[in-house]
Amino acid sequence: MKIDDKSSLLNSLVVLTMVIVFMQLAMVTTNMLICGGAGNFFYNPLLHDIFTSHLVLLPLLAWLLSQVFIYTAFITIIWLIAVMCGELFKLKKVTVHALGLLLWCLAVIGVLFANNLIYPHSFFTSFTDKHLFNLDYTQYLRVLDTIAIIFAVGVVILTVQLIKTILQGKMQLRHKLLAGFFVALLALQIDSRYHPAPAQWQSATRDKPNIIIIGLDGVRTDFVNQNVSTPNINEFLNNSADFNNAYTLIAQTLPSWVSILTGAGPKANLARENLVDMTRVYTDDVLPKRLQKLGYETVFATDDSRFNNITKNFGFDYTVTPRTGVVEFILGEFNDFPLSNLLVRTAIGKMLFPYNYANHESLVTYDPKNFMELMQQRLNHPEQKPLFLAVHFNVSGWPFGWYNSVEKNEGIWYYRYTESIRQADQQLGNFLEILQQHNLLKNTLVVLMSDHGVTLGLPRDRAISEKLYQGDKTKLASMDKTNYLAITGFPTQKTLATSYGYGGDILSPQQLHVLLAFKSYGLDFPVKHSDALSSLVDIAPTLLDFLHQPPLAKQEGKSLLSVVNGEVTGFDGRDLYFETSSASFLGYPTEPAINTSLQVFINDYFFDKNNNAISIRAEAEDQMRRKKQRGVWSGNWLLAELPGLAHTRYTRLSMSPLNFTIARVPGSSYMVLLEINTGKWTTELNSPWAATAPVKQLCDKLTGFYGSELQCPECCQPLAIRQKSDTTSSAQHGANNQTKS
C-alpha cells in the first residue's frame, strides 16, 4: 500500500494499536499468574466449568467488544484529526501520515501518564513508574498539559474543517460520522450533568417507620474519633442509643449480615464462611420477608457483592450492586488497562464495564461516588410504602482503598486503613445527606453498625500475651505467633500479643468488636450509651420488638429495647458463642505468599450455574469447619478451642513441575482459658489458677453448643495431658506397625 494513500495511515494506526493491546494483555495475564501462583491453575475443573459456560462467555464477549469499541474510537479520533488537518492546510499525504503517527505516540503517552496520575494502584502505574518514566506528580502534569493543548488545538482544527465542509456541502462519510460523534458526545454530556430533583418518600409513619441499616466494613471501634478523626460517625453515636460493648459472632461480612437478617448466629443460619453456598443458608423466616409482609419496600445495597452475595431470596424487592456473577471475579481483577481505566468511572464506563463500575473489588478504578450515584438512582423511584433499606459500604474494608487513595510504603496496611476510615466517615455523612434530600430521615430508625473489625499488628490487637500466661510458658511453643507492625516501635521478635487480618483469630477482640447504634428521627427511641453485652444478632429482634412483631423462627439474639428504655442495664448470664472463618483474609506477613495464592483454595469451590456464583463445596466446607476456632464468652471468662500450629504439605500429582497441590495441615487442637478483665490466661485447665474459673460450666456450654464439631475429644483437659496422650498413642501406633512387619 502506498504511503500517500489515506488508508495507509489508518492501517498503520491499527497495527500499532494492536501491538500495544497485545503487550498489555500479555503483561496483565503474566502478572496475574505470577501473583496468583501458576501452579496447577490450569488443571482445575472449576476453571473448565467457568470458561465453558455461556454465563461467562457471553459477558466476556461483551467486555471484549467494549474494548474493541474504545480502541476503535481511539484510532478513529487520531486518524480524523490528522486527515482534517491535512484537508484544512492542504498538507502532503506523507506529512499527514507522519502527523498521524506523531499524534498516536502522543496519545499513547498521554493515556499512560493520565493512568499513572489518576490511578496509583494500577498495575501499569507501578510498572511504568519503575521501568519507564519514574516522574513526580508535577512532571506528569506538565507533560499531560502539553499533550492536552496539542489535542485541543487538533480538535479545534477538526471542528473548523467540519464546519467548513458542511457549509460547502462537500460532506463525505467521515464528516458525517464525525458530526454524529459530536452530537452523541454533546447528548451524553448533557445527560451526565442533568440531575433531577430528589424524589420524596412520603409513606413512613410513626407506626410503620422507615428502617435503614447502614454497615461500614471493618471499622474498629477504637479508631473512631481516636486514631482517626470521624466527625460523622461520632455525631451519630453521640445522638443515638449506642452499644459500645457489641460483637459479631464471626468476623466476616457475609456471616455478619446473615446474622443481622436472621437474628441467629452462624451455626443456626448456616452462613459460616464468605462464598458459602447460599442455597444452604437459612432464609425462611428472616427480617426482610417479615417487613415485606408488613407492607415495606425492601432494598439491599452494597458496593462489593463478591463476598457479600446477599440475594433477593432473603426477601429483598431490589438489590443495588455492581453487576454480579462469576464474571465479576474475572473482570473485577483483570480489567486493568490504561485506556479503559480512564472511562470506567464515567457514564460510558457504566454502560461498557458494569462489572467494574462502583465495584470496590475493582480497587484500581473504584470511586465511592459511583456507588452513591447508583443509590441515588434507586431512591429516585419511591414507592407508596415505608422503606427497609440495608446498605453496606466497603471503602474501609480490605484492601483499604479506592482509586486515588494514597499508598505509603512503611506500615502500609496501617496507613491505608486509617485513610479508609476517614473515607468511610465521609461516605456516611454524604449518604445521610442523600437520605435527608429524599425525605427518608422523617419517621425513620437508622441502625449504624460495622460488620467486624481488623487487626493490624498493633499492641493489644490480641487479648493474650506471654507475660500474663498462667502456667508453664514452655507450652507456648505450640501457639501461632507473629510480629508487631514495624511502625509501633515494639520488638520485632514474634509474639502472641498481636494479630493481623480479620475472621481468623478468636483471641483478637479487635476483630470481633463492632459499632452498633440506633438513631431515631421523629420516633420515640431514646439516646442512651450502654455497656450491655450485645451482638449483631440483636438488631432484628430489636427492630421487630420496636414494631410490636413476634420474634423470628431461629432468633437467638435479644431485643435491646429494655436496655434503651432503662428497664435493665444488661442481660445477666448472657453467653456469646464465637467462631472464626477457616482463615484470616489479611493473613500474617511472615507466611510464604504461596499460602495465600489461589492454588491453595481453588479446589474447595465450584461454579453454581443455577445462581451464576462461585461457592464452597459442601465437603470443603466440612473440612474448613475443622480448622475453625470456637469459643464461649460467659461472664468474665472466655473458653476457646484453637487448632494447633499448622504446616504446609505439598503433593506432586505428576512429573510436571506445575502440577501439584498444596494443603495446610493443622496440628493438635487445644484449649485457651482467658479472664477477660485482667488478660490472664492459660492452656492448662487443671492448674491452680484455672481452678478459680468455672471451667466445668464453660466446658459444658462449649461442648453442648458445638458438640462433635470440636476437634479434641478431651478438649477440657490441659495441654500437657493431651500431649502425653498423643505421644503414647503415636508410640503404640509405631509398635503395632513394627509388630506387623
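Buried means under 20% relative accessible area, exposed means over 50%, and partly exposed is in between (1.4 Å probe, protein chains only). I wrote that down before looking anything up.

**Entry 1: ground rules**
I'm working on a predicted model, so local features need pLDDT of at least 70 and side-chain atom pairs count only at pLDDT 80 or more, while totals for chains, interfaces and linings use all residues. Residues are numbered from 1 along each chain as its sequence is written, and side-chain values use heavy atoms, with hydrogens and water left out.

**Entry 2: the whole chain**
I found 23 helices and 20 strands; these are DSSP runs numbered from the N terminus (helices H or I, at least four residues; strands E, at least two). Of the 741 residues in the chain, 53% are buried. Next I checked contacts (heavy atoms within 4.5 Å). Among those with a separation of 6 or more, 75% are between residues 24 or more positions apart.

**Entry 3: salt bridges**
I looked for salt bridges, meaning a side-chain nitrogen of Lys or Arg within 4 Å of a carboxyl oxygen of Asp or Glu. How many salt bridges does the structure hold? I noted 24.

I started with Glu 328 and Arg 306, whose side chains meet at 2.9 Å, N to O. Glu 328 sits in helix H12 (residues 326–334) and Arg 306 in the loop between S4 and S5, so this pair ties together parts 22 residues apart in sequence. Is Glu 328 buried or exposed? Glu 328 counts as buried because its relative accessibility is 3%. Arg 306 is buried too, at 7%.

Then I took Arg 345 and Asp 367, whose closest N and O atoms are 3.1 Å apart. Arg 345 lies in the loop between helix H13 (338–344) and helix H14 (347–352), and Asp 367 in the loop between H14 and H15, so the bridge links parts 22 residues apart in sequence. Arg 345 is partly exposed at 26%, whereas Asp 367 is buried at 7%. I also traced one network, in which salt bridges that share partners join Arg 272, Glu 273, Glu 579, Lys 628, Arg 630 and Glu 709.

**Entry 4: Asn 308**
Asn 308 is in the loop between strand S4 (297–302) and strand S5 (318–320). With 2% relative accessibility, Asn 308 is buried. I followed the chain back 54 residues to Leu 254, and the two C-alpha atoms are separated by 4.8 Å. Leaving aside neighbours within four places in sequence, the contacts of Asn 308 include Leu 254, Trp 257 and His 392.

**Entry 5: Arg 378**
I found Arg 378 in helix H15 (residues 368–379). Its relative accessible area is 15%, so Arg 378 is buried. Tyr 318 is 60 residues away in sequence, yet 8.8 Å away in space, C-alpha to C-alpha. Tyr 318 is also one of the contacts of Arg 378 beyond four places in sequence, and Glu 297 is another.

**Entry 6: helix H21**
Which residues of helix H21 (residues 618–626) are buried? I noted Ala 620, Glu 621 and Met 624. They lie on the same side of H21 because they cover an arc of only 100° around the axis, taken from the directions from the helix axis to the C-beta atoms. Their cover includes strand S15 (605–608) and strand S16 (613–616).

**Entry 7: cysteines**
I looked for disulfides (a pair of cysteine sulfur atoms within 2.5 Å) and got zero. Cys 85 is buried at 7%, while Cys 105 is partly exposed at 38%.
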